[in-house]
Amino acid sequence: LAHLDAFRKNLFDHTGPGGEPETAAIDWSYLGYAPIGSEVGQLVIGSVAFADFRQDIRALTGACLDAYLDGLRDSGWTGDESVVREGLALSAGRWAYIFGWLTAVLDPERRASTEKWTG
């Protein structure tokens, strides 16, 4: 089960009742099933594309992946880490393509070639 719209503008840091750091997520309108690791790709690409394109994408990916794997292990998951990395890579590639396509459609100079290419 995944949020499917987790990126920096939908996630907020705050302090929990015991003083521990917590993250609150808003905008659950896309809640649904997703392959393992895909949420990390969405988080990284969405955060860079919509919140701060100056982010070091490699550092952000590493931090998000480590935290995701820690969360999986904390829940009792004992699977192969390479499956998570594959899900992340496929999801990030998908989102990078979608964002690139959307920007092409919005750019009048690129729109004609995009329409020709995509039919």
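**Entry 1: isoleucine 57.** I noted before anything else that this is a predicted model. I looked up isoleucine 57 and found it in helix α2. Is isoleucine 57 buried, partly exposed or exposed? I read a relative accessible area of 36% for isoleucine 57. Buried means under 20% and exposed over 50%, so isoleucine 57 with its 36% counts as partly exposed.

I then asked which residues isoleucine 57 is in contact with, leaving aside neighbours within four places in sequence. The list I wrote down is Val44, Ile45 and Val48. For isoleucine 45 I also took the C-alpha separation from isoleucine 57, which is 8.2 Å. Along the chain these two residues are 12 residues apart.

**Entry 2: the core.** I went on to the largest nonpolar core and noted that it has 13 residues. Among the residues with the most contacts inside this core are Val40, Val44, Leu60 and Val84. Val44 had already turned up in my list for isoleucine 57. Which elements give two or more residues to the core? I found α1 (38-50), α2 (57-74) and α3 (81-106). The largest share comes from α2, with five residues.

Apart from neighbours within four places in sequence, valine 84 is in contact with Ile36, Gly37, Leu65, Tyr68, Leu69, Leu72 and Trp77. Leu65 and Leu69 are also on the list of core residues with the most contacts.

**Entry 3: the two strands.** I turned to the hairpin. Strand β1 covers residues 11-15 and strand β2 covers residues 21-25. The two strands run antiparallel and are joined by five bridges. What stands opposite aspartate 13? I found threonine 23, in β2. Five residues lie between the strands of the hairpin, and there glycine 19 takes a positive phi near 90°.

Entry 4: Leucine 4 has a positive phi, near 70°, and is not a glycine. I placed leucine 4 in the segment before β1. With a relative accessible area of 27%, leucine 4 is partly exposed.

Aspartate 27 also has a positive phi, near 60°. I found aspartate 27 in the loop between β2 and α1.

**Entry 5: the whole chain.** I finished with the totals. How many helices and strands does the protein chain have? I counted four helices and two strands. From the N terminus on, their order is β-β-α-α-α-α. The C-alpha atoms fill a box of roughly 55 × 30 × 30 Å along the principal axes.

The protein chain has 119 residues, and buried residues make up 29% of them. The chain exposes about 8100 Å², of which carbon and sulfur atoms supply 59%. Of the contacts with a separation of 6 or more, 56% are between residues 24 or more positions apart.

For charges, I noted 10 positive and 17 negative side chains. The centres of the two sets lie 10 Å apart.

Methods: Residues numbered from 1 in each chain as written. Predicted model: local features only at pLDDT ≥ 70, side-chain atom pairs only at ≥ 80, totals over all residues. Heavy atoms only, no water. Core = buried A, V, L, I, M, F, W, Y, C linked by side-chain atoms within 4.5 Å. Buried < 20%, exposed > 50% of the residue type's maximum accessible area, 1.4 Å probe, protein only. Contact = heavy atoms within 4.5 Å. Areas by Shrake-Rupley, 256 points an atom, 1.4 Å probe, with all protein chains shown as cover. Lys, Arg positive; Asp, Glu negative; His and termini not counted. Charge placed at Lys NZ, Arg CZ, Asp CG, Glu CD. Pairing = 2+ DSSP bridges.
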